[in-house]
Amino acid sequence: MKSWYVFGAEQLGQSREYVENLKRELENLQPLLGEKEKDMDLVIHQLEADKVVVDREGVSLLHEREKLDKEKAAIEKEVELASVLVAKALPALEEARKALNTISKKDIAEIRMYNKPPEMVVSVMCSVCELLAVKADWATGKSLLIDAKFMQRLLTYDCESVPDQVLKRLSRYTRDPKFTAVNLQKSSVACASLCSWVLAVEAFCKAKRVLDPRLKALTTTQEELRAAEARLGTKTEQHNEVLKRISELQAVLARKRAEYNALKKQISKTSQRLSRAQQIMANLQGEAVRWSASARDATSRLQCCVGDHMLVAASLVYAGVLNATFRNALLVKWRQLSGLPTSTAFSI
(Lines give C-alpha, C1' and ligand atoms only; values in the text may rest on other atoms or scores of the structure.)
Protein backbone atom coordinates (compact mmCIF):
# COMPACT_ATOMS: atom_id res chain seq x y z
CA MET A 1 0.00 0.00 0.00
CA LYS A 2 2.84 2.30 0.91
CA SER A 3 4.46 1.88 -2.51
CA TRP A 4 1.28 2.97 -4.28
CA TYR A 5 1.02 6.14 -2.18
CA VAL A 6 4.73 6.90 -2.76
CA PHE A 7 4.44 6.15 -6.47
CA GLY A 8 1.42 8.43 -6.78
CA ALA A 9 3.21 11.24 -4.93
CA GLU A 10 6.30 10.80 -7.12
CA GLN A 11 4.19 10.90 -10.27
CA LEU A 12 2.58 14.13 -9.10
CA GLY A 13 6.04 15.56 -8.52
CA GLN A 14 7.10 14.55 -12.01
CA SER A 15 3.89 16.06 -13.34
CA ARG A 16 4.78 19.37 -11.71
CA GLU A 17 8.17 19.22 -13.42
CA TYR A 18 6.45 18.35 -16.71
CA VAL A 19 4.16 21.39 -16.32
CA GLU A 20 7.14 23.63 -15.65
CA ASN A 21 8.88 22.27 -18.75
CA LEU A 22 5.78 22.99 -20.81
CA LYS A 23 5.71 26.54 -19.48
CA ARG A 24 9.38 27.06 -20.37
CA GLU A 25 8.79 25.58 -23.82
CA LEU A 26 5.90 27.99 -24.40
CA GLU A 27 8.00 30.90 -23.18
CA ASN A 28 10.74 29.95 -25.65
CA LEU A 29 8.35 29.34 -28.55
CA GLN A 30 6.42 32.62 -28.32
CA PRO A 31 9.40 34.85 -29.29
CA LEU A 32 10.22 32.48 -32.17
CA LEU A 33 6.65 32.86 -33.43
CA GLY A 34 7.04 36.64 -33.34
CA GLU A 35 10.31 36.43 -35.29
CA LYS A 36 8.74 34.15 -37.90
CA GLU A 37 5.86 36.60 -38.29
CA LYS A 38 8.29 39.51 -38.74
CA ASP A 39 10.24 37.54 -41.35
CA MET A 40 7.02 36.84 -43.26
CA ASP A 41 6.01 40.50 -43.10
CA LEU A 42 9.39 41.54 -44.54
CA VAL A 43 9.09 39.05 -47.41
CA ILE A 44 5.48 40.10 -48.10
CA HIS A 45 6.49 43.78 -48.10
CA GLN A 46 9.32 43.06 -50.56
CA LEU A 47 6.99 41.01 -52.74
CA GLU A 48 4.42 43.80 -52.88
CA ALA A 49 7.12 46.35 -53.75
CA ASP A 50 8.55 44.13 -56.51
CA LYS A 51 5.09 43.45 -57.92
CA VAL A 52 4.43 47.19 -58.18
CA VAL A 53 7.74 47.58 -60.07
CA VAL A 54 6.95 44.62 -62.34
CA ASP A 55 3.47 45.91 -63.16
CA ARG A 56 4.76 49.40 -63.90
CA GLU A 57 7.70 48.19 -65.96
CA GLY A 58 5.50 45.65 -67.74
CA VAL A 59 3.21 48.42 -69.00
CA SER A 60 6.24 50.54 -69.97
CA LEU A 61 7.85 47.63 -71.83
CA LEU A 62 4.60 46.94 -73.67
CA HIS A 63 4.32 50.58 -74.82
CA GLU A 64 7.97 50.64 -75.89
CA ARG A 65 7.56 47.39 -77.81
CA GLU A 66 4.49 48.78 -79.61
CA LYS A 67 6.42 51.95 -80.45
CA LEU A 68 9.36 49.94 -81.79
CA ASP A 69 7.03 47.79 -83.89
CA LYS A 70 5.51 50.93 -85.43
CA GLU A 71 8.97 52.35 -86.16
CA LYS A 72 10.00 49.05 -87.73
CA ALA A 73 6.91 49.13 -89.93
CA ALA A 74 7.72 52.70 -90.99
CA ILE A 75 11.32 51.73 -91.79
CA GLU A 76 10.17 48.76 -93.84
CA LYS A 77 7.87 51.08 -95.77
CA GLU A 78 10.73 53.50 -96.43
CA VAL A 79 12.92 50.65 -97.62
CA GLU A 80 10.12 49.57 -99.96
CA LEU A 81 9.75 53.10 -101.34
CA ALA A 82 13.49 53.38 -101.83
CA SER A 83 13.52 50.05 -103.63
CA VAL A 84 10.75 51.27 -105.93
CA LEU A 85 12.71 54.42 -106.82
CA VAL A 86 15.82 52.42 -107.61
CA ALA A 87 13.79 49.86 -109.54
CA LYS A 88 12.40 52.63 -111.73
CA ALA A 89 15.72 54.41 -112.41
CA LEU A 90 18.15 51.52 -112.93
CA PRO A 91 16.32 49.67 -115.74
CA ALA A 92 16.10 52.85 -117.83
CA LEU A 93 19.83 53.47 -117.33
CA GLU A 94 20.66 49.90 -118.33
CA GLU A 95 18.48 50.22 -121.45
CA ALA A 96 20.27 53.45 -122.36
CA ARG A 97 23.65 51.74 -121.97
CA LYS A 98 22.48 48.91 -124.20
CA ALA A 99 21.42 51.47 -126.78
CA LEU A 100 24.91 52.98 -126.65
CA ASN A 101 26.34 49.60 -127.62
CA THR A 102 24.27 49.69 -130.82
CA ILE A 103 25.96 52.90 -132.02
CA SER A 104 28.41 52.10 -134.80
CA LYS A 105 31.37 54.07 -136.10
CA LYS A 106 29.30 54.87 -139.14
CA ASP A 107 26.64 56.46 -136.89
CA ILE A 108 29.33 58.53 -135.17
CA ALA A 109 30.78 59.60 -138.51
CA GLU A 110 27.31 60.61 -139.65
CA ILE A 111 27.06 63.10 -136.79
CA ARG A 112 30.50 64.54 -137.51
CA MET A 113 29.51 65.14 -141.16
CA TYR A 114 27.06 67.84 -140.16
CA ASN A 115 28.35 71.28 -141.05
CA LYS A 116 25.15 72.89 -139.90
CA PRO A 117 23.63 70.31 -137.60
CA PRO A 118 19.96 70.40 -136.59
CA GLU A 119 19.15 72.25 -133.39
CA MET A 120 18.32 69.10 -131.38
CA VAL A 121 21.51 67.36 -132.50
CA VAL A 122 23.44 70.30 -131.09
CA SER A 123 21.41 70.12 -127.88
CA VAL A 124 22.20 66.41 -127.46
CA MET A 125 25.95 66.93 -127.98
CA CYS A 126 25.95 69.93 -125.62
CA SER A 127 24.16 67.89 -122.95
CA VAL A 128 26.79 65.14 -123.37
CA CYS A 129 29.48 67.80 -122.99
CA GLU A 130 27.87 69.01 -119.77
CA LEU A 131 27.92 65.50 -118.31
CA LEU A 132 31.55 64.95 -119.35
CA ALA A 133 32.51 68.32 -117.79
CA VAL A 134 33.77 69.95 -120.95
CA LYS A 135 32.75 73.11 -122.83
CA ALA A 136 29.18 72.70 -124.03
CA ASP A 137 29.25 73.68 -127.76
CA TRP A 138 29.14 71.97 -131.13
CA ALA A 139 32.87 72.20 -131.75
CA THR A 140 33.70 70.49 -128.47
CA GLY A 141 31.00 67.91 -129.12
CA LYS A 142 32.50 67.07 -132.53
CA SER A 143 35.94 66.69 -130.95
CA LEU A 144 34.52 64.21 -128.44
CA LEU A 145 33.23 62.10 -131.31
CA ILE A 146 36.78 61.80 -132.68
CA ASP A 147 38.01 60.36 -129.35
CA ALA A 148 38.38 56.58 -129.67
CA LYS A 149 37.42 56.14 -126.00
CA PHE A 150 34.27 58.26 -126.29
CA MET A 151 31.83 55.36 -126.09
CA GLN A 152 33.82 53.74 -123.29
CA ARG A 153 33.61 56.98 -121.28
CA LEU A 154 29.84 56.98 -121.65
CA LEU A 155 29.48 53.30 -120.75
CA THR A 156 31.62 53.67 -117.60
CA TYR A 157 30.24 57.05 -116.62
CA ASP A 158 29.83 57.50 -112.84
CA CYS A 159 26.18 58.42 -112.54
CA GLU A 160 26.36 58.65 -108.75
CA SER A 161 28.81 61.56 -108.64
CA VAL A 162 27.16 64.11 -110.93
CA PRO A 163 27.30 67.57 -109.28
CA ASP A 164 24.11 69.54 -108.77
CA GLN A 165 25.46 72.38 -110.96
CA VAL A 166 25.87 69.97 -113.88
CA LEU A 167 22.30 68.71 -113.47
CA LYS A 168 21.07 72.28 -113.33
CA ARG A 169 22.82 73.16 -116.62
CA LEU A 170 21.72 69.87 -118.14
CA SER A 171 18.09 70.71 -117.48
CA ARG A 172 18.33 73.62 -119.94
CA TYR A 173 18.40 70.98 -122.70
CA THR A 174 16.37 68.14 -121.28
CA ARG A 175 13.37 70.29 -120.36
CA ASP A 176 12.82 71.04 -124.04
CA PRO A 177 9.76 68.99 -125.11
CA LYS A 178 11.56 68.12 -128.37
CA PHE A 179 14.48 66.55 -126.47
CA THR A 180 13.31 62.97 -126.96
CA ALA A 181 14.79 59.88 -128.60
CA VAL A 182 11.76 59.56 -130.84
CA ASN A 183 12.15 63.09 -132.15
CA LEU A 184 15.91 62.68 -132.71
CA GLN A 185 15.41 59.38 -134.51
CA LYS A 186 14.50 61.42 -137.57
CA SER A 187 17.81 63.28 -137.58
CA SER A 188 20.31 60.66 -136.30
CA VAL A 189 20.07 57.17 -134.83
CA ALA A 190 23.24 57.80 -132.82
CA CYS A 191 21.89 61.06 -131.42
CA ALA A 192 18.67 59.27 -130.46
CA SER A 193 20.70 56.73 -128.44
CA LEU A 194 22.78 59.54 -126.90
CA CYS A 195 19.56 61.37 -126.01
CA SER A 196 18.19 58.26 -124.31
CA TRP A 197 21.43 57.93 -122.35
CA VAL A 198 21.39 61.60 -121.24
CA LEU A 199 17.75 61.36 -120.12
CA ALA A 200 18.42 58.07 -118.28
CA VAL A 201 21.43 59.56 -116.46
CA GLU A 202 19.39 62.58 -115.48
CA ALA A 203 16.49 60.41 -114.27
CA PHE A 204 18.89 58.24 -112.25
CA CYS A 205 20.55 61.28 -110.66
CA LYS A 206 17.20 62.81 -109.75
CA ALA A 207 16.04 59.53 -108.26
CA LYS A 208 19.29 59.32 -106.31
CA ARG A 209 18.81 62.87 -105.04
CA VAL A 210 15.46 61.76 -103.63
CA LEU A 211 16.80 58.41 -102.47
CA ASP A 212 19.98 59.55 -100.69
CA PRO A 213 18.28 61.65 -97.96
CA ARG A 214 15.83 58.85 -97.40
CA LEU A 215 18.62 56.32 -97.09
CA LYS A 216 20.53 58.61 -94.75
CA ALA A 217 17.46 59.18 -92.62
CA LEU A 218 16.73 55.47 -92.81
CA THR A 219 20.25 54.64 -91.60
CA THR A 220 19.90 57.08 -88.71
CA THR A 221 16.49 55.70 -87.83
CA GLN A 222 17.80 52.14 -87.97
CA GLU A 223 20.69 53.06 -85.65
CA GLU A 224 18.25 54.72 -83.25
CA LEU A 225 16.02 51.67 -83.51
CA ARG A 226 18.91 49.34 -82.71
CA ALA A 227 19.84 51.50 -79.72
CA ALA A 228 16.22 51.51 -78.58
CA GLU A 229 16.05 47.73 -78.99
CA ALA A 230 19.25 47.40 -76.95
CA ARG A 231 17.76 49.57 -74.21
CA LEU A 232 14.55 47.58 -74.38
CA GLY A 233 16.57 44.36 -74.16
CA THR A 234 18.34 45.64 -71.05
CA LYS A 235 15.05 46.67 -69.48
CA THR A 236 13.55 43.30 -70.39
CA GLU A 237 16.46 41.51 -68.70
CA GLN A 238 16.00 43.67 -65.61
CA HIS A 239 12.27 42.95 -65.73
CA ASN A 240 12.97 39.22 -65.94
CA GLU A 241 15.40 39.51 -63.00
CA VAL A 242 12.65 41.09 -60.91
CA LEU A 243 10.24 38.33 -61.98
CA LYS A 244 12.85 35.74 -60.98
CA ARG A 245 13.32 37.48 -57.63
CA ILE A 246 9.53 37.49 -57.11
CA SER A 247 9.43 33.76 -57.83
CA GLU A 248 12.24 33.16 -55.34
CA LEU A 249 10.54 35.37 -52.74
CA GLN A 250 7.29 33.48 -53.21
CA ALA A 251 9.13 30.23 -52.55
CA VAL A 252 10.76 31.78 -49.47
CA LEU A 253 7.39 33.07 -48.28
CA ALA A 254 5.79 29.65 -48.75
CA ARG A 255 8.58 28.06 -46.72
CA LYS A 256 8.39 30.68 -43.95
CA ARG A 257 4.60 30.43 -43.85
CA ALA A 258 4.88 26.65 -43.48
CA GLU A 259 7.42 27.12 -40.66
CA TYR A 260 5.17 29.73 -39.04
CA ASN A 261 2.10 27.49 -39.24
CA ALA A 262 4.05 24.49 -37.90
CA LEU A 263 5.35 26.58 -34.99
CA LYS A 264 1.89 27.98 -34.34
CA LYS A 265 0.47 24.45 -34.35
CA GLN A 266 3.20 23.34 -31.96
CA ILE A 267 2.43 26.24 -29.61
CA SER A 268 -1.28 25.40 -29.78
CA LYS A 269 -0.61 21.75 -28.91
CA THR A 270 1.77 22.72 -26.11
CA SER A 271 -0.81 25.17 -24.73
CA GLN A 272 -3.50 22.49 -24.79
CA ARG A 273 -1.21 19.97 -23.08
CA LEU A 274 -0.28 22.57 -20.46
CA SER A 275 -3.90 23.44 -19.86
CA ARG A 276 -4.89 19.78 -19.44
CA ALA A 277 -1.87 19.10 -17.21
CA GLN A 278 -2.67 22.12 -15.02
CA GLN A 279 -6.29 21.03 -14.75
CA ILE A 280 -5.25 17.51 -13.72
CA MET A 281 -2.74 18.90 -11.25
CA ALA A 282 -5.40 21.16 -9.75
CA ASN A 283 -7.80 18.23 -9.43
CA LEU A 284 -5.17 15.99 -7.80
CA GLN A 285 -3.71 18.61 -5.48
CA GLY A 286 -5.88 17.43 -2.57
CA GLU A 287 -5.06 13.82 -3.31
CA ALA A 288 -1.35 14.62 -3.20
CA VAL A 289 -1.67 15.80 0.43
CA ARG A 290 -3.68 12.70 1.36
CA TRP A 291 -1.30 10.34 -0.45
CA SER A 292 1.70 11.89 1.29
CA ALA A 293 0.05 11.59 4.70
CA SER A 294 -1.03 8.03 3.95
CA ALA A 295 2.49 7.17 2.82
CA ARG A 296 3.94 8.58 6.09
CA ASP A 297 1.35 6.71 8.13
CA ALA A 298 2.05 3.46 6.28
CA THR A 299 5.78 3.93 6.81
CA SER A 300 5.26 4.52 10.52
CA ARG A 301 3.00 1.50 10.86
CA LEU A 302 5.45 -0.63 8.93
CA GLN A 303 8.26 0.39 11.28
CA CYS A 304 6.09 -0.54 14.32
CA CYS A 305 4.82 -3.76 12.79
CA VAL A 306 7.25 -6.13 14.66
CA GLY A 307 6.81 -4.38 18.02
CA ASP A 308 3.01 -4.30 17.65
CA HIS A 309 2.89 -8.01 16.76
CA MET A 310 5.13 -8.81 19.76
CA LEU A 311 2.75 -6.89 22.05
CA VAL A 312 -0.28 -8.65 20.54
CA ALA A 313 1.28 -12.09 20.97
CA ALA A 314 2.43 -11.40 24.53
CA SER A 315 -0.97 -9.96 25.46
CA LEU A 316 -2.81 -13.00 24.09
CA VAL A 317 -0.52 -15.42 25.96
CA TYR A 318 0.06 -13.69 29.29
CA ALA A 319 -2.46 -10.86 29.83
CA GLY A 320 -5.73 -12.48 28.90
CA VAL A 321 -6.79 -13.12 32.51
CA LEU A 322 -5.64 -9.76 33.89
CA ASN A 323 -7.67 -6.61 34.23
CA ALA A 324 -7.02 -3.45 32.18
CA THR A 325 -4.73 -1.87 34.75
CA PHE A 326 -2.32 -4.79 34.85
CA ARG A 327 -2.49 -5.24 31.08
CA ASN A 328 -1.51 -1.59 30.48
CA ALA A 329 1.32 -1.88 33.00
CA LEU A 330 2.59 -5.02 31.24
CA LEU A 331 2.43 -3.26 27.83
CA VAL A 332 4.62 -0.43 29.16
CA LYS A 333 7.07 -2.97 30.65
CA TRP A 334 7.24 -5.04 27.47
CA ARG A 335 7.89 -1.89 25.33
CA GLN A 336 10.79 -0.99 27.64
CA LEU A 337 12.27 -4.47 27.67
CA SER A 338 11.97 -5.11 23.89
CA GLY A 339 13.33 -1.75 22.71
CA LEU A 340 11.21 -2.20 19.57
CA PRO A 341 9.22 0.71 18.12
CA THR A 342 5.48 0.33 18.63
CA SER A 343 2.42 2.27 17.67
CA THR A 344 1.56 5.08 20.05
CA ALA A 345 -2.12 4.27 19.82
CA PHE A 346 -1.58 0.53 20.13
CA SER A 347 -4.63 -1.40 21.17
CA ILE A 348 -5.35 -5.09 21.12
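This briefing describes the nonpolar cores, the salt bridges and a few individual residues of the structure above.

The model is predicted, so local features are given only at pLDDT of at least 70 and side-chain atom pairs only at pLDDT 80 or more, while totals for chains, interfaces and linings use all residues. Residues are numbered from 1 along each chain as its sequence is written, and side-chain values use heavy atoms, with hydrogens and water left out. Helices are DSSP runs of H or I with at least four residues, numbered from the N terminus.

**Nonpolar cores**

- A nonpolar core is a set of buried Ala, Val, Leu, Ile, Met, Phe, Trp, Tyr and Cys residues joined through side-chain atoms within 4.5 Å, where buried means under 20% relative accessible area, exposed means over 50%, and partly exposed lies in between (1.4 Å probe, protein chains only).
- The largest such core has 42 residues, of which Leu-131, Phe-150, Leu-154, Leu-194 and Trp-197 touch the most other members.
- Two or more residues of this core come from each of α1 (2-101), α2, α3 (119-131), α4 (138-146), α5, α6 (164-174) and α8 (189-303), and α8 gives the largest share, 11 residues.
- Phe-150 is in contact (heavy atoms within 4.5 Å) with Val-128, Leu-132, Leu-144, Leu-145 and Leu-194, when its neighbours within four places in sequence are left aside.
- Another core lies apart from the largest one and has 17 residues, among them Leu-26, Leu-33, Val-43 and Leu-263.

**Salt bridges**

- Side chains of opposite charge can pair when their charged atoms come close, and a salt bridge here is a side-chain nitrogen of Lys or Arg within 4 Å of a carboxyl oxygen of Asp or Glu.
- The search of the whole structure finds 7 salt bridges.
- One of them joins Glu-130 and Arg-172, whose closest N and O atoms are 3.3 Å apart; because Glu-130 lies in helix α3 and Arg-172 in helix α6, the pair ties together parts that are 42 residues apart in sequence.
- Within that pair, Glu-130 counts as buried at 5% relative accessibility, whereas Arg-172 is partly exposed at 47%.
- Asp-164 pairs with Arg-209, with the closest N and O atoms 2.6 Å apart, and this pair links distant parts of the chain, Asp-164 being in helix α6 and Arg-209 in helix α8, 45 residues apart.
- Arg-209 counts as partly exposed, at 29% relative accessibility.
- Salt bridges that share partners join Glu-130, Arg-169 and Arg-172 into one network.
- Asp-137 forms a salt bridge with Lys-135, the closest N and O atoms lying 3.6 Å apart, and Lys-135 is exposed, with a relative accessible area of 60%.

**A buried charge without a partner**

- Asp-107, in helix α2 (residues 105-112), is buried yet has no salt bridge, and the nearest side chain of opposite charge, Lys-106, is 6.7 Å away; Lys and Arg count as positive and Asp and Glu as negative, while His and the chain ends are not counted.
- Asp-107 touches Thr-102 and Ala-190, not counting residues up to four places away in sequence.

**Other positions**

- Gln-152, in helix α5 (residues 150-155), is partly exposed at 47% relative accessible area, and its C-alpha is 9.6 Å from that of Asn-101, 51 residues apart in sequence.
- Ala-217, in helix α8, is partly exposed at 40%, and its C-alpha is separated by 9.6 Å from that of Glu-78, 139 residues apart along the chain.
- Just after α10, Gly-339 takes a positive phi of about 70°.
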